Each structure stands twice: as structure tokens, then as C-alpha cells.
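Subject: Structure handover

Hello,

My notes on what was found follow below it.

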Protein chains: 2
Amino acid sequence: MAHFLEEFLTPESIAVYGANNKGAGIGSLQLMGLIISGFKGNIYPIHLKLDSVMGFKAYQTISEVPEIPDLVLIVLPPNIVPQIFRECGEKGVKRIILISGGFRELCGERANTLTEEIQEIADKYGIRFIGPNCLGIYNSWLYPDDEGSALNTAIWEQQQRGYFSIASQSGTLASHIFFDPENLDLGISRSLSLGNEANIDIVDCLEYYKKDEKTKVIGLYIEELKRAKKFLRLTKEITPKKPIITIYVGGSNAAKRAVKSHTGSLAGNAKIYEAAFKETGIIKTELVEEFLDLARICEKGIFPKGKRLGIITNSGGPGVMIAYQAEQKGLTVPKFSEELRNDLKQYVIKTASVENPVDTTFDINLNNFYINIPKTLMKSGEVDAIIMYGVFGFQDVLNELLQYERIAKYQNFPEQPNVPLEKIFISPILKTSKRYSIPIFYINPQNYNNPWSKKIRSTGALLFKLWDSPVRCLAKLSEYASYRKRMQSKE
Amino acid sequence: MAHFLEEFLTPESIAVYGANNKGAGIGSLQLMGLIISGFKGNIYPIHLKLDSVMGFKAYQTISEVPEIPDLVLIVLPPNIVPQIFRECGEKGVKRIILISGGFRELCGERANTLTEEIQEIADKYGIRFIGPNCLGIYNSWLYPDDEGSALNTAIWEQQQRGYFSIASQSGTLASHIFFDPENLDLGISRSLSLGNEANIDIVDCLEYYKKDEKTKVIGLYIEELKRAKKFLRLTKEITPKKPIITIYVGGSNAAKRAVKSHTGSLAGNAKIYEAAFKETGIIKTELVEEFLDLARICEKGIFPKGKRLGIITNSGGPGVMIAYQAEQKGLTVPKFSEELRNDLKQYVIKTASVENPVDTTFDINLNNFYINIPKTLMKSGEVDAIIMYGVFGFQDVLNELLQYERIAKYQNFPEQPNVPLEKIFISPILKTSKRYSIPIFYINPQNYNNPWSKKIRSTGALLFKLWDSPVRCLAKLSEYASYRKRMQSKE
């Protein structure tokens, strides 16, 4: 039997409260999101005054809708929500997403008992609901054969389909941070923005993701755990198979205050949380950039067998900085054996260094840099992961230079062949990387959207613009991988 | 009298060894860089066999060049460099940039005494030289009235002109990290890639930058200090007036090994360096992204008077994360006074929070969000800096939505006026920010090059994509600002 959250994510009909034809307000944005995402089921706007909303026939009340909608989306002022819940219950609705804020997160003179009211109504009618105070849900797998269409009630851009699933007590972490579709090579599977968790909480999501075939990596944003014991037990069961990347912030005074006015939660004692997290194999981060990078790294599914980093660079400074950061974060940058150094010598020029970092300096023998050197390292058994700095788009640089008349006029460049260099220089190494389970990260400071960067990314390789985050991520990944190995060997 | 480095940066004639017409090799790339940068002086390629290089008449030896070049650029195999130095000396050349590697950084069986040889020759002829093992120099101010032209012997893209000057023992840190011209709002003034520092070192650069009118912020990358005492004395003199942002890495085993094979330096004891740095007011970082962000922040010249951060957000999660990180890094996120909270209430909707963070939630009253709330905070005297999360391009989102036929057909959006919103919503606050010396950072996760992001950036505002780095930078900036205040009050 499918988990009840699976039913939230695969509706065939949706009723929407709070959308209008003026394009203003969250309700309208949510409905637009739904339309644009390519939802193919029935849409029923509920509106007291309008006959149609965005081209869909509108209904004054849910009782008039010609079927029982699989899902109801509510964006209305909080004080009328209990009444709407009742009407939905009478109709036979079983699943609601309550976007509106104005519940438990209000305190002092503004405090209200609306949360308890709607919880009671939901229980009475057997309704499960997400929210309140959330941004909605996303499912890239709604139509398995149609990657261009999805379920998207959140306000965000369409994402690449993949296996990273999110459960978040922040709508932003569930959606907005993916607003920049150009800079992410991360395939999203499901996303659940949980808001105040008045009915469905993060433990429900973990239970679902644990068994979900379309979820291989899990991302969580946590301000409060309502069922901490169950959370810890579940995560322990999951992490040997699926990495869980978690942002938990709640330890500081201002953060506690902010949490209170955000989701109404009392942030727990950070130290207790952290100690507990350690036993679960969760990959913890406080940085949003790292959260995103860890997600795309883990989604590739290549985990290092240890902490030994091999560095290949064509520039000394980044080599030094990468080595330094790696050691700071708990990786090792081992000195290579004499045998390995001798192997490497055939692939570098005289002024280069075959220590670790391997510094090829000004050589531009692409075959050595992209193929022979990393392959030699992977086969040596002396490293568990590789970072390559300086994968510049030389070909594009030359082509760009030729646009300058003065140079094009007098220069006699060898013709730049129009061959898919990425298939020659990147794809074979990715195969080796997989075979040996040695992750390889590429760094090109030119930009993610530089032509050569785009070609590299098209192979499925992990590309970064600078080296801070990939080094940190690798350190966390190697810790997780060793935890996972320990746990798997116990089974 | 001008500092001798000023003469390096303002040549009227340059001779180039090592360029050819095949476009291959660093020498050719350097000359191409020089041409593309718009250098207007005389260029004299020196080549044994070619009559012309890239359209310039070539000379077999420097003795045949019809004038004494102000600057000579050498990219040749190291063993012939001493002879070239001698020929330059005989010609009367006083300034050389020696790009080639293969000197002190080679060790073991490959070690050589070429460094001592060229130092001796240089001394004999009164030659000053940059390098060896460097990438060249950059000066955006060569032609004060022509911003489109510059002196650029390094291999990089043309940068926005400004007041950030670099001296670096890594060519990459002096040039390549600026390869991505779209993502930086940082005006570069000078850049000096120092390599092995066989003749000119970082202390020379500091002496020059100290008095240089076109340098308001200094960036350093250091693996070794050859004149540590003088360095510390100089930086102490400079930092009360000009911020110095410094990457120093050398404390770990692998980093030391990497430093040795990079510039041949023996990395110093990191702890001693760091203790010394603390007394100088230097802003230290180990992260390249932070280096770049600190540079563009400092170049704006608005320094906070204290550590109190005000956070404005339309999304709870980022507000919580910013507050947490801020407190972790030593900032405070003060609770606002009742008076201030009452002032703020008129600018938010009922479900919003006027605590710190101010969370405007789903309200899209742009005038309140962009103008009234930050202005109220700035005038309150209760914060020293402001971070605004969620400066989404709503207008662009709506316009984008209208591209979908289904929505455009039925929607009746109010017409989106074509007014320069950035001048209405951003520019006035930047003036207030300057008047009160309260820096304000904007965060839009959509991308630096999203239309609204571009408009914000066009006003000179500081925009970020995510919040990790700006929070860290602000913490460092406030520390620096308080050091600077202490030092200035002593004078």
C-alpha cells in the first residue's frame, strides 16, 4: 500500500482556494505554478464571486465541485480556515495543503487557538494536512514518461528531474534556493514544505522517503523535532542506504527568537541535537551553499573509500589552498609513493611537480591533464578522491581571442577542430571514477555557464567555480562514507 | 618621485620574449592579452627566426630594438634567462617581468642556481624584476581617460575599473579568479603577480599601494614573508586607512609541501604568522569566495560602527539561518526596542514579525520592504548593518508567467509599468546607508544575472546569491571597522 504522502504527490484533481484573475497574492501564484508545471488533472478554483479563474470554471463552495478532489490547496485568511476545513470534511476531502500563515507562529496578544481548531476538525473527518504556513509541494515524477511536466504547487522554477528529495520546515529551503536553474546540476525528486507541522511532520516524510524508489538522497531543514526519538531511530535506519543532508539551526538566541516567530517552534537545545545527530550518520551543515553542493555530490552516488585526497592543478596557489583546507577539514593529502611519482613523470613537463598536489604548471597537454594523470592516480590505490583545479576552456579562450581583428588578422592558429572534447576528456574518467568509487571534482573559475563548463557539466561531471565548498563537502562526504561502510558491514 | 612599481605599471614601450604566431604557449597568450587590453605604446617582439609576430615587427635581439623599452616581458626556458638578462642590462633595460618557471621551486636533483645568477646580473645592471614563476601585471588606470584600455600582461578578462589592488604570490589569485566577469561587482585597480619574489616582494607592493591614490583596498595572497618585520610594520600603518584582505595558507603538512613546489618558499609557522597578523588589523581569510566578497564589500567604503545586525526577510528559514550564522561568527542580532517595533508595525501585514529578523512574510508591498523598513532600521540607531533576504524579481516573475499562453490568455494582470524600479527602491536606501555608515547587503537566490539582480547591481548595491558568505564577511568587516576606529582615534 502506498504511503499517504505518495497520495499527496500524485493527485488527479486539485481544488484551489485563494486564486483570482489579478495575478496578485500567493493563491494566484500557486495556481499559476500548478498550470505552468504541466499538471494534467482537473483543477477546481473555489471563489465566492468569480465564475472562472485563469480559464478554469470556478465554484462558490467545494460542495459544488463535481467530484471529491484528491487534494485541496488553501490560501485564505486564517480565521476562515476552520470553516473551510469543515466544508472540505463534509465533501469527503482527505488531503489538504494549508499555505496560509497566522497560526501558532503568532504570539503574545496576537496568539490564537486556530491550530487546535483545525487539528480537531481534521481528526474528525480523517483529513491529513500539510502546513499551515508552508509553500506547497513538488513532484518531478508525477508523469514518469513526461519529464517536462510535474506537480508544483510551490512558487519556483521547473527543475531537472532526479533523486534528491526534500522535507523542510522552511518554504525557501524547499523551493526558492532552487530558483537559479542555471547553477545547479541537481536532479530533484520530491519536495515537501512542511510549515508549522500541525498534522504532518518531518518524521512522516522520512518514513515515506525511506521506501520511496525515486528518493536516493534526502535533504532536511529542521528548526524543531516534534518526534525526536522516532526521528533518530528512522534516520539511523536510512543513512546506511540513503544519505540525509540536514540543516539544523536553533542554537543561538536570535535564531531561537526567529524560529519562534517563523514556525512557532521552540528550538531545541542545539548541543543535545548535535550529539544525537552524530550517532545517526546524518550529514550536517549550516551553510546553504554546502547543502546544495552536498546534494548534487551525493546524488551522483560515488562515495570515497577513505580520506586521502589527490589534487591535480595547473596553478600552484589553488593547489596550496586546496591542500590546506583539506587538512583543516580532516582529509589527508598523502605524499605519493616513489613508484607513483615515477609513473606521473611521463605525463608532465620538466618544471611541473609530481608531488601531491600534482602541479602541471603551464603545460597544456590536455590528454595528460584530463586523462592520464587522473587515471594514474585512480589506479594507484593511493587516493580516495580527486580534485582537479584549472579546467579552463582553452579552446574557447582561443576562439574568443580570434574575435579580435588584430589577432585574427596576423595569427595563424591551428584550426580548432569541432570535436566533442568533453566526450574525449571527461566521460572516460567518469567511468573510471565509478569503477574505483573515487569521486572526481572539476573546478573552472570561469563560470558555470562558460562554454567549456557547460560541456563538462553535460557529461554528468561535478563542476565547481571555486574550491572552498567542494573541499569542505568532500571532507563531510568521506566521513559519511566511512560511517556508511561501518554500518553496512554490521548488517 | 613615483614609486618604482608605478613605472612598471605605466610603460610606454614593451619588449616581449617568447611569443610566436602559432597562438600556442604562454608567451603568445601574454602578448595577445597585451594587445586585447588596449595597450597603446610600442610593442617589440624579440624572436630569433620570425620577422613579425602578430603583426608587430620582430627583432632578433634586444640590441636591435630602436629604443630602450620601458618594460621587458620574458617567457623563455629558464636556462637561457641569465643570458637574456645580460643582454637587457647591456641595452639599458631597467624593468623586467620574468614569467618563466623552473627556478627556486625545483628541488632535489632538479635544483639549480639560476635564481642567484639572475639576481646578480640584475644588481649589476640596476634592473628590478618581477618573478620568476609569475603571471604578469595589470593596471586598469594606465589611460585615465579611457576606461576601455588597460595594461594587461596576465591572461585574463578585462575587469571593471576600480580601487581594489592585488599583490599575490599566486598568479591565479592575481588573475584567474577574476575570470568570471559576470559575477563580480568589484573594480580592479592594479594587480601584481609576484611569483618567487627573487627581486621584488610583497613589501615593495605594500609600500607602493600605501601611497597609491588609485588603491583604496588591498588584497594579498601570501605563502611566505621574506621581510616579515617590515611587512608587519607597514600593514599596521596602512590598515587604519586602507583595508588589507589577506589569504595566508601554510600551516598544514600538505600545504607546506605544496608551497615548496609552488614558489619554493618555506611556509612559516602558521601560528606565529596568525598571532602577528592579529595586531596589524589585516582581514584574514582562507576562503577564495570570501576574499572576493570582502574585496567588493570593502571597495564600497561603508564600514559599520558596531556588531549589531538587522535582518529583513520575507522568508522565515533564511532569517533563522542568517541570525544563527551571525551569532556564530560574533555579530549580535539585537532584540528591537518596543518603540522600534511599533514604528515597524505600520509597514508590515498582520501575520508578519517585527522582531529581529523582521519577517514580512507574503506581503509584496515593495515600498515597505525596500524603503520604509530598512530606512526605519537605519534611523533607529539600533543596528550597525542590514541584510535583506528575498529581493526577488517579482516583476520579472510576473512577466515570465505571462509568456505562458494559458495564463496570458485568461489573466488580467495590471499592466507592469516600465519604470526604473531600482532607482525607486534601491538608490535612495544606498544614500541613507552611506549617510549613517550602515552597510546594506541584498540577497536574491535567483542568480546574479537575473534581470532584477542586474538592475539592483547597476545601482552599485551589494548583491549576493546566498547568505553564507555575506554574513561571514560582515562579521569580519565589523571586526576590522572597530580596529580601524580604535587606531584612528589614537592618531
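First, a definition: two strands pair if DSSP finds at least two bridges between them. Helices (H or I, at least four residues) and strands (E, at least two) are DSSP runs, numbered from the N terminus.

This is a predicted model, in which local features need pLDDT of at least 70 and side-chain atom pairs count only at pLDDT 80 or more, while totals for chains, interfaces and linings use all residues. Residues are numbered from 1 along each chain as its sequence is written, and chains are lettered from A and ligands numbered from 1 in the order in which they are written.

**Sheets in chain A**

Seven strands form an open sheet in the order S9-S8-S11-S10-S12-S13-S14 (chain A). Its pairing is mixed. Opposite Ala167(A) stands Leu220(A) in S12(A).

Another open sheet has five strands, ordered S2-S1-S5-S6-S7 (chain A), with parallel pairing. Strand S2 (42-46) and strand S7 (128-130) of chain A each have a single partner strand, so one side of each has no neighbour in the sheet. On average, neighbouring strands of this sheet are turned by 20° against each other, direction ignored. Angles here run from 0 to 180 degrees between N-to-C directions, and axes are lines fitted to C-alpha atoms, for helices over the stretch in contact.

Strand S1 (residues 13-17) of chain A pairs with S2(A) over five bridges, in the parallel sense. Tyr17(A) faces Ile46(A) of S2(A) as its opposite residue.

**Helix pairs**

What is the angle between H3(A) and helix H4 (residues 114-125) of chain A? The axes cross at roughly 5° and come within 9 Å. H3(A) and H4(A) are therefore roughly parallel to each other. On this scale, angles under 35 degrees count as roughly parallel, over 145 as roughly antiparallel, 65 to 115 as roughly perpendicular and the rest as oblique. Among the residues that make the contact are Phe85(A) and Arg86(A) of H3(A), and Ile118(A) and Ile121(A) of H4(A). Two residues are in contact if their C-beta atoms, placed from the backbone, lie within 7 Å. By class, there are eight nonpolar, one polar and three charged residues. Ala, Val, Leu, Ile, Met, Phe, Trp, Tyr, Cys and Pro count as nonpolar, Asp, Glu, Lys and Arg as charged, and the others, Gly among them, as polar.

Helix H11 (residues 316-328) of chain A packs on helix H19 (residues 468-490) of chain A at about 35°, with axes 9 Å apart. The crossing of H11(A) and H19(A) is right-handed. A crossing is left-handed if the near helix is turned anticlockwise from the far one by less than a right angle, and right-handed if clockwise. Ile322(A), Gln325(A) and Ala326(A) in H11(A) meet Asp468(A), Val471(A) and Ala475(A) in H19(A). That contact has four nonpolar, one polar and one charged residues.

In chain B, helix H10 (residues 288-300) and helix H19 (residues 468-490) pack at about 60°, axes 10 Å apart. That makes H10(B) oblique to H19(B). Their crossing is right-handed.

**Domains of chain A**

Chain A splits into domain 1 (4-299) and domain 2 (303-487). The bounds come from an automatic or database domain assignment. The C-alpha centres of the two lie 39 Å apart. Contact involves 14 residues of domain 1 and 14 residues of domain 2. Helix H10 (residues 288-300) of chain A gives the most to the domain 1 side, with six residues.

**Backbone points**

- Gly131(A) and Pro132(A) are joined by a cis peptide bond, omega about 0°. Pro132(A) is in the loop between S7 and strand S8 (136-139) of chain A.
- Gly131(B) and Pro132(B) are also joined by a cis peptide bond, omega about 0°.
- Met54(A) has a positive phi, near 50°, and is not a glycine. Its place is the loop between strand S3 (52-53) and strand S4 (56-57) of chain A.

Best regards
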